[in-house]
Amino acid sequence: MPRHVRRRYLALRVLSEQSISKRDVMDAVWNAFLQLFGEHGASQTNLTFIEYNSEKSCGIVRCSHKTVEMVRASIASITEINGKPVAIDILGVSGTLKALREKVLL
Amino acid sequence: MRRFADLHLQPSVKDSDQLNHMVSRASELGYRLVGITLPPNITQEKIRQLQDICKDAGIDLVTRVDLTSKTPNQLLRELRHFRRKFETISVVCTSKAVARQAAKDRRVDLLSFPATSSRRRFFDYAEAELASNALSSLEVDMAPLLSLKSFSRIQLLSSLRKEVAIAKKFGVPVVISSGATNVYLMRGPYEYAALASLFDMAVSFALRALSETPLNIVKRNREKLSPNFIAPGIRIVRRKRNCPDT
């Protein structure tokens, strides 16, 4: 059993014509992940929402470093939320929140 | 730093707002070269307008035409007509005969197959062998992967996994393009590389399919379309007075 789990933080930006709540984004990311990788994959990712600013449509999620590409693919596969077209871009990935905030100027 | 290219944007050329949005989003996502599918009868003036729009966004425009010929003879006629007019030619293979003709013709750059019907995806061993001799590449559009749901997406992933494995075995270059018709279907190159891992394409191979491979196709074609080109490996280096008498 590993003593320390390495994490990755991903900065997101939601492109949409409507304002989208944190809950909607969380649901969309989880649904996309479950559709692509199933419950077994989801259990390995430790996916957590750190923050979401609905005014700026930007947020940060955390996951295990081994599942970054899976999370990236899931987020990229989201095409609609509440029946409206959206695109979620990943602005940057980093090992610490501080470095991520410096990198993408959130 | 890698230069990324998306060779397949499909905006409506008449809708300049949509075109501007898509080009600026491509620039924002980190692409430095975009291919826009144009109608075969487009005028040079319209192409210059598009080039200006792309130049303003800091992007290089590649003109592209998608041929949807029904028979091999029609494909040959269209290739003869359009090859010197467009920088990239893609053939949407809707029948096996057209797919075979397109794969063995050196004027074809990209082989693309309908995403919604797995029966009409003709990229098998024979097709790959012909394509590997003729330098044509397999194009994988990502927009259908995003828009299709449940069973259709499963079928598409399964077909793509098989095709990419065959292409790798025969050394056929693979190009990943967006195939986007609007800004919401456009994603960044690293997102496409992550999505490509769904059909067992390694991230490094996918990134090559988004950068070096499409850039090489464009470079090769621009060289061929240049007035100094004579034949592969032969080009004019000097003219008139600069050329010494022999």
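**The interface of chain B with chain A**

In this predicted model, the contact draws 16 residues from chain B and 19 residues from chain A. Together the two chains bury about 1500 Å², and 58% of that area lies on carbon and sulfur atoms.

Across the interface, 6 residue pairs are in polar contact, with both partners at pLDDT 80 or more. On the chain B side, helices α1 (16–28) and α8 (189–196) each supply at least two of the residues that touch chain A. Of the elements of chain B, α8(B) gives the most to this side, with 4 residues. Sorted by class, the side of chain B that touches chain A has 10 nonpolar and 6 charged residues, and no polar ones.

Salt bridges also link the chains. The structure holds 18 salt bridges over all chains, and the count between chain B and chain A is 3. As a general point, side chains of opposite charge can pair when their charged atoms come close. One of the pairs joins Glu191(B) to Arg72(A), with the closest N and O atoms 2.7 Å apart. In another salt bridge, the side chain of Glu28(B) meets that of Arg13(A) at 3.0 Å, N to O. This pair crosses between chains, running from helix α1 of chain B to strand β1 (residues 7–16) of chain A.

The surroundings of the Glu191(B) pair can be followed at the level of helices. Helix α2 (residues 68–76) of chain A packs with α8(B) at an angle of about 105°, their axes lying 8 Å apart. Because of that angle, α2(A) is roughly perpendicular to α8(B). From α2(A), the residues Glu69(A), Arg72(A), Ala73(A) and Ala76(A) take part, and they meet Tyr190(B), Glu191(B), Ala194(B) and Leu195(B) of α8(B). The residues of this helix contact divide into 5 nonpolar and 3 charged, with no polar ones.

The axes of α9 (residues 203–210) and α10 (residues 212–225) of chain B come within 3 Å and cross at roughly 25°. The two helices, α9(B) and α10(B), are therefore roughly parallel to each other. Here Leu207(B), Arg208(B), Ala209(B) and Leu210(B) of α9(B) meet Glu212(B), Thr213(B) and Pro214(B) of α10(B). By class, this contact has 4 nonpolar, 1 polar and 2 charged residues.

How values were computed:
Residues are numbered from 1 along each chain as its sequence is written. Chains are lettered from A and ligands numbered from 1 in the order in which they are written. This is a predicted model: local features need pLDDT of at least 70, side-chain atom pairs count only at pLDDT 80 or more; totals for chains, interfaces and linings use all residues. Side-chain values use heavy atoms; hydrogens and water are left out. Contact means heavy atoms within 4.5 Å. Buried area is the accessible area (1.4 Å probe) that two parts lose on being put together, summed over both. A salt bridge is a side-chain nitrogen of Lys or Arg within 4 Å of a carboxyl oxygen of Asp or Glu. A polar contact is a pair of N or O atoms within 3.5 Å; within protein, one must be able to donate a hydrogen and the other to accept it, and residues adjacent in sequence count only if both atoms are side-chain atoms. Ala, Val, Leu, Ile, Met, Phe, Trp, Tyr, Cys and Pro count as nonpolar, Asp, Glu, Lys and Arg as charged, and the others, Gly among them, as polar. Axes are lines fitted to C-alpha atoms, for helices over the stretch in contact, and angles run from 0 to 180 degrees between N-to-C directions. Angles under 35 degrees count as roughly parallel, over 145 as roughly antiparallel, 65 to 115 as roughly perpendicular and the rest as oblique.
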